[in-house]
There are 2 protein chains.
Amino acid sequence: MVDEDGVLSPGQMGEFSLISRFFKNQALTKPSTHLGIGDDCALLSVPEGFDLAVTTDTMVENVHFFAGADAKQLGHKLLAVNLSDLASMGARPLSVTLALTLPKADENWLAAFSQGLLGLAGRHSVDLVGGDTTCGPLTLTVQALGLVPHGKALKRSAAKVGDFIYMTGVLGDAGLGLKIKQGYPCASPDQALQRFNQPDPQVDAGVALLDVANACIDLSDGLAGDLGHILEQSQVGASLVYESLPLSNAVRTYINDTGDWAMPLTAGDDYELCFTVSPEKADQLSINCTKIGVIEAAPGLRLYKSGIIQPLITKSYEHFS
Amino acid sequence: MVDEDGVLSPGQMGEFSLISRFFKNQALTKPSTHLGIGDDCALLSVPEGFDLAVTTDTMVENVHFFAGADAKQLGHKLLAVNLSDLASMGARPLSVTLALTLPKADENWLAAFSQGLLGLAGRHSVDLVGGDTTCGPLTLTVQALGLVPHGKALKRSAAKVGDFIYMTGVLGDAGLGLKIKQGYPCASPDQALQRFNQPDPQVDAGVALLDVANACIDLSDGLAGDLGHILEQSQVGASLVYESLPLSNAVRTYINDTGDWAMPLTAGDDYELCFTVSPEKADQLSINCTKIGVIEAAPGLRLYKSGIIQPLITKSYEHFS
């Protein structure tokens, strides 16, 4: 029995029926999944010749999303940010577990959330193989497993001096989406909001970059900070050319309106891939991408804007700072 | 810089320095760990002939532990409950990821928490290979990966009519520990509190049960409910003999004092293994354990106490119910 607003009263739907009702109905698609939800562990096999890529990302209400955010979009985005981490290593997603902490068992919320998560999972043939459902402040964690041919994963530490720097897609649309949510009056908000609410993890692009790219990272915390991780771990520097950054018309209009030209470099949530390729391999690139700069020996990140170096902080968004 | 109570002010310690300071210093022990903390994903290899066992468990403040609970014990317990899930399938732990949602970056808390978690990890040669640290209400999630020989995992669904039912260790000590925390005056509280605060996952026992046991589960939510999962998934029933249950002196005293004889059957958190073995294989058991009942064809769980069947609800603790 469900009351008017779809909230289950205590005792009406427990943890186990909740799991089986909303999350166990996904058809398991991988021959490698031997056992899914319902035991103490899931059981998988990993084919010979592949490494297992492992990642986890958490989204917390009022930190990563606004209270009352659309549950279907949350389910999509939670999985997308994890698949994006796999994509940045060139790994093809295999399976995920879900740790769901919920203040209450709200049937409508759960139906929408699972629809968003399982919809994206289906498009990438990812099996939801297990999880834990607990009562508490809304906190959503996915752990994702992927496969990458042994020794081929794209690491942050593999950039070489002279590499060209590329990125997929456009920059700053998700940042603009956040500005729109915060009140910026955008004439054509749809693409920016879509990118902010339901990012598209670049799984196929990541796999296509194996044997072509050197270093790779996904743009979750902002280009300047994320590229900064590549520079730090590869012990190199870089120059970016502002005029070469791929910006949508809506982001260009935002910059013209506000003067906030640095937004695309510092805003997060784009979930595009940023990667480096040696000049000799540049003609092997088979994906749509834009060259935005070059890796150099001198440490630090230099941004050329109208031919002049602009100060740019390479710090990502950090919790607790 | 740290203020008097060890709480870092905003800007003093960000997410990345927190991770590297408290969680990156563990020496990675597994030759299968190719890349640990610090990139978008960790990279592991899974040896041929093994299945990967995957599990996740969350602990939430004020739900799974009291506010102000000892951080070192929390770190231990969070890992222990996940290793216990691996143990119940007969899987040897391989590596874990940690999703840590914290209200603030409290240096003393983090030092103690990581000491508890990494201490237990070291004793079981588990590599902490990645994680996510976010700001929010205290919520702790571990995802654990383990290895079990292909096709050999101990499943809940594998109990057979006629199997003997066994458990490792003693029953109800953790439940007594909770009663002590809630005010029960126990004359010898140390063992019960130790079992409640820092359970010992039965990893070696689980591995020793491969090729011997049929079904297995770990006692996280109470014997009646957890055995109930085996019965439901194996489509069988069972009889338990109350007088055969392994109870510590402290639990026997508690029952004499209070009359609460059902506590050991319904209290959770013991993290012992409960498993079934066909009579023909009973002499192959190489671990310390106690026979407590038998699997039967008739559905349901029958508890014989002083020769009389007692009503017993086989429902585990469920969130939201």
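1. Helix H5 of chain A and its cover. In this predicted model, the buried residues of helix H5 (residues 190-197) of chain A are covered by elements that include helix H2 (71-88), helix H4 (173-181) and helix H8 (249-258) of chain A. The residues of H5(A) that are buried are A:Ala192, A:Arg195, A:Phe196 and A:Asn197. A charged residue, A:Arg195, is thus listed with the nonpolar A:Ala192 and A:Phe196.

2. Helix H8 of chain B. Helix H8 (residues 249-258) of chain B buries B:Ala250, B:Val251 and B:Tyr254. These residues line one face of the helix, because they fall within an arc of 100° when H8(B) is seen down its axis. The exposed residues B:Asn249, B:Arg252 and B:Asn256 are carried on the face turned away from that buried side. The cover over the buried residues of H8(B) includes helix H4 (173-181), helix H5 (190-197) and helix H9 (263-266) of chain B. Just after H8(B) comes B:Gly259, with a positive phi of about 80°.

3. Strand S4 of chain B. Eleven of the eleven residues of strand S4 (residues 92-102) of chain B are buried, so this strand is largely enclosed by the rest of the structure. S4(B) is joined to strand S6 (residues 139-149) of chain B by nine bridges, and these two strands run antiparallel. Within that pairing, B:Val142 in S6(B) stands opposite B:Leu98. S4(B) also pairs with strand S5 (residues 127-135) of chain B, here in the parallel sense and over eight bridges. B:Asp127 in S5(B) is the bridge partner of B:Ser95.

4. The nonpolar core. In soluble globular proteins, nonpolar side chains tend to be buried together. The largest nonpolar core of this model has 194 residues. Those with the most contacts inside this core are A:Ala53, A:Phe275, B:Ala53 and B:Phe275, so the list names residues from chain A and from chain B. Neighbours within four places in sequence aside, A:Phe275 is in contact with A:Leu154, A:Tyr166, A:Leu209, A:Ala213, A:Ala215 and A:Cys216.

5. The contact between the chains. Chain A and chain B each give 60 residues to their contact. On the side of chain B that touches chain A, the largest share comes from strand S3 (residues 50-60) of chain B, with nine residues. That side divides into 26 nonpolar, 21 polar and 13 charged residues. Strand pairing also crosses between the chains: strand S3 (residues 50-60) of chain A pairs with strand S2 (residues 42-44) of chain B in the antiparallel sense, over three bridges. In this pairing, A:Val54 has B:Ala42 of S2(B) as its bridge partner.

6. The relation between the copies. Two copies of a chain are related by a rotation about an axis and a shift along it.

7. A:Pro149. This residue is placed in strand S6 (residues 139-149) of chain A. Not counting residues up to four places away in sequence, A:Pro149 touches A:Gly49, A:Phe50 and A:Leu210. A:Glu48 lies 101 residues from A:Pro149 in sequence, and their C-alpha atoms are 9.1 Å apart in space.

8. Most residues other than glycine have a negative phi.

9. A:Asp211. Is A:Asp211 buried or exposed? A:Asp211 counts as exposed, because it has 11 C-beta neighbours inside 10 Å.

10. B:Tyr271. B:Tyr271 is found in the loop between H9 and strand S10 (273-277) of chain B. With 24 C-beta neighbours inside 10 Å, B:Tyr271 counts as buried.

Key: Residues are numbered from 1 along each chain as its sequence is written. Chains are lettered from A and ligands numbered from 1 in the order in which they are written. This is a predicted model: local features need pLDDT of at least 70, side-chain atom pairs count only at pLDDT 80 or more; totals for chains, interfaces and linings use all residues. Two residues are in contact if their C-beta atoms, placed from the backbone, lie within 7 Å. Helices (H or I, at least four residues) and strands (E, at least two) are DSSP runs, numbered from the N terminus. Two strands pair if DSSP finds at least two bridges between them. A residue is buried if 20 or more other C-beta atoms lie within 10 Å of its own, exposed if 12 or fewer, and partly exposed in between; C-beta atoms are placed from the backbone. The arc is that of the directions from the helix axis to the C-beta atoms. A nonpolar core is a set of buried Ala, Val, Leu, Ile, Met, Phe, Trp, Tyr and Cys residues joined through C-beta atoms within 7 Å.
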